[in-house]
Amino acid sequence: MDGPAPLRLGIGQPVRRVEDPRLLRGQGRFVDDLAWPGTLHATFVRSPHAHARISALDAEAARAVPGVVAVVTGAELRAAGRGSLPCRLAYAGDDGRPVRFPPRLALPHDRVRFVGEAVAMVVSETLAAARDGAEAVAIDWDPLDPVIGIAAARHSAPIHEEIPGNRVHRWQAGDAAATERAFADAAHSISVPIRINRVSVAPLETRGAIASWDAALGRWTLLAATQGTTEAHSELTRDAFGVPPQALRIVTPDVGGGFGMKNHAYPEHVALMHAAQRLGTPVRWQAERTEAFTADSAGRDHEITVELALDAEARITATRWTWAADLGAYCVGFGPAISTIGGPRIVVGPYTIPTFHIRSEGYLTTTAPIDAYRGAGKPEAAYALEVAVDAAAAAIGMDPAELRRRNLVPASAMPYRTSTGQTYDSGDFAAVMERALALADRAGFAARRRASEARGMLRGLGFGVYVEPSGFRDNRVQVAFDRDGGVTVTLSAVSNGQPHETVFAQILHDRLGVPFERIRVVQGDSDVTGYASGTAGSRTLTVTGVGLYRCAEAIEAKGRRIAANLLEAAAEDVVADRGVFRIAGTDRAVGIAEVATAAWNPEMVPEDESLGLEASAHPTQRVPNYPSGCHVAEVEIDPTTGTVRLERYTAVNDFGVVVNPLTLRGQVTGGIVQGVGQVLLEDMTYDPETGQTATASFMDYALPRADDLPDIDWETVEVPCATNPLGVKGCGEAGCAGSLPAAMNAVSDALRSAGVPEQVVPLPMPCTPERVWRALRRVC
């Protein structure tokens, strides 16, 4: 036989996303597109206060509104025994004791702690009636003082009685004594205070869910936008409802963006499930955009001071950090870990810094909770370190590229164990930086600066070198052939915009020779995928890819035994190569489709094996991989208005073996846009006197648009990863890790060229026209 067609859609090929045609035609199936017959509508009554006691809540008028079926309150959930949503992170404070987290009720019955916190849910026959009912709920509020910002949290009464002083943790890592000695002996030292602003995740699709109850089976079905069903499933069954896992099925259809904030269960899920069980009717809810701004978990919000000690040859001998995190009103998801077991892993970055020490504190405030947001501490750490390195170069009068050359971990040192305990298995940080600077034409920047100055403008160039741990924890994979050679791949990971259907089909096509169009990818159903991690931490390709690799090995092993029967040969004489099973040294062969069909024939399958051709794997990647890169930004500033415009952008990254360069570029571009948006535009703010959200709509919150960015010059440097068989490294969070420092360092470079003093730069993010204008007039 001729065997399969030439492999043109496998690893390394720029295959267009197979997901896109249906999405572009409006044929996607998101939560808001789905419903069972007779589904009721829910609207939440939310707190207008940042901090207040609930003196009384009267829902009788709401229940009398035509069309209203029920009003669910916190008192009802409490009486029904509904528990709180957990934060199950496990780490100890600097006293060695486990860190304690305050409980979060689905609907608080006594006290609210941020504007937008839900206190009641109105269920009605129509959405209009639900809204009318919500307006009729009468609540007597006893306002309390809001606590906005870390400084206020340190000096305010507790917002949770069990957390004195509003401080959830005090945590430290590193060698304090060795770091102190290095600073005492340093020829140069600098200290840079850095403010990392709070951002709204602002996904394209707001959160939504539909809950139903099957009394005969005694179980719920929850349609919800998640990044993987397991986390939410565990929190709802184990903690909120105290029921066995079999009592809940979570189904996730298409998801329009997550970035970390859709990893976990939310209070609305608990209320919807409770109402569905009580009423025996499905109940649905979809957040409006203002609800999303006020009630979704937000991102970032840190105050960091980075200190660097340097010797006479400008080698960094130590770094010392103090990191304060605003956690919002509750500890949710990965939020408390961002400033502890998240970002601090890479406070030495890609450099040979022999010692470090970090002290971290996390505080509760009367604002929406903070959770993971595209990187969960890694972009924050990369940003703070790279801004400090640029400040050090300016302080000692050295080219920032030369300072980095003297301190980057050399490729010859790989594998390299850092002072923070990470082991970089591969990478060439210096080569990546040099290629990025060349591609960005740094040599021609002086001429471009002169041209800008001739027009009365300022111009700055900045860059950042990053490395980050990615691709650890677990994912579950199953590969099953049907009787005519088609394949179904089942994943515990859930796409929230990533090209899962494309990339995993590419890997299987490359590995087993299955025609690309005959591979179907299934995800987002807890009944099918079972217990396993979802999409987060840049792990899906690296960990799921390992699972696919193992499944392919198992399928080939069984396939050889079946092919031996088809070819009337001994199994040990059959070799497999990308879906072709051949008797070694001959031209006698069968393809995998024929083997898959034979796998259903009892006469072709060894007696001690099951029918069918399938395999499953649940790999756990205990050692991260380490993508790296260098991003270069060039900005122009109008000194009369303070307006900053990004003129040029270059990104050179090492993601190991590239499976699909087209979709990879899309992933990283999205992260770049989010990072640039945070540096130049985005800022989620609260009124310090009232605690009101000042940026609760797109009229007030500035997301970057297409005309805010130039075309991105792009290259990859492939240094295969040594910790997984595919050689791939994570990419989902890298765009933010590179763009945050590159954009800010470019602004700082422009301001320094105008004589703005070092104590003014870097500016707090975002670099709004007003902040830049004031900095240029020395009044920042």
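The legends below describe several close-up views of a predicted model.

Residues are numbered from 1 along each chain as its sequence is written. Because this model is predicted, local features need a pLDDT of at least 70 and side-chain atom pairs count only at pLDDT 80 or more, while totals for chains, interfaces and linings use all residues, and side-chain values use heavy atoms, with hydrogens and water left out.

**View 1. An open sheet of three strands, in the order β4-β2-β6, has antiparallel pairing.**
Strands (E, at least two residues), like helices (H or I, at least four residues), are DSSP runs numbered from the N terminus, and two strands pair if DSSP finds at least two bridges between them. The edge strands are β4 (111-112) and β6 (138-143), each of which pairs on one side only. Strand β2 (residues 52-58) is joined to β4 by two bridges, and these strands run antiparallel; arginine 53 stands opposite arginine 111 in β4, and alanine 52 has valine 112 of β4 as its bridge partner. Between β2 and β6, the antiparallel pairing extends over six bridges, and there leucine 57 has isoleucine 139 of β6 as its bridge partner.

**View 2. Seven strands form an open sheet with mixed pairing, in the order β3-β5-β1-β12-β9-β10-β11.**
The edges are taken by β3 (68-73) and β11 (248-251), each with a single partner strand, so one side of each is left without a neighbour in the sheet. Neighbouring strands of this sheet are turned by 20° against each other on average, direction ignored; here axes are lines fitted to C-alpha atoms, for helices over the stretch in contact, and angles run from 0 to 180 degrees between N-to-C directions. Within the sheet, strand β9 (residues 208-214) and strand β12 (residues 283-286) run antiparallel and are joined by four bridges, with alanine 211 standing opposite valine 283 in β12.

**View 3. Helices α19 (residues 661-680) and α20 (residues 734-753) pack at an angle of about 40°, with their axes 7 Å apart.**
That angle makes α19 oblique to α20, since angles under 35 degrees count as roughly parallel, over 145 as roughly antiparallel, 65 to 115 as roughly perpendicular and the rest as oblique.

**View 4. The structure holds five cavities of 30 Å³ or more.**
On a 1 Å grid over the protein atoms alone, a cavity is a set of points where a 1.4 Å probe fits but cannot get out, and lining residues have an atom within 4 Å of a point. Grid points are joined across faces, edges and corners, and a volume is the space filled by probe spheres set on the points. The largest cavity has a volume of about 110 Å³, and of the 13 residues that line it, the closest to its centre are Arg104, His264, Ala265, Val332 and Gly333. Its lining has seven nonpolar, three polar and three charged residues, where Ala, Val, Leu, Ile, Met, Phe, Trp, Tyr, Cys and Pro count as nonpolar, Asp, Glu, Lys and Arg as charged, and the others, Gly among them, as polar.

**View 5. The second largest cavity has a volume of about 70 Å³.**
Of its 13 lining residues, Arg104, Phe114, Glu117, Ala118 and Pro267 lie nearest its centre. The lining of this second largest cavity has seven nonpolar, one polar and five charged residues.

Most residues other than glycine have a negative phi, and most peptide bonds are trans.

Key. 1 Å grid on protein atoms, 1.4 Å probe; cavity = no way out; pocket = protein on both sides within 12 Å on 5 of 7 lines; lining within 4 Å.
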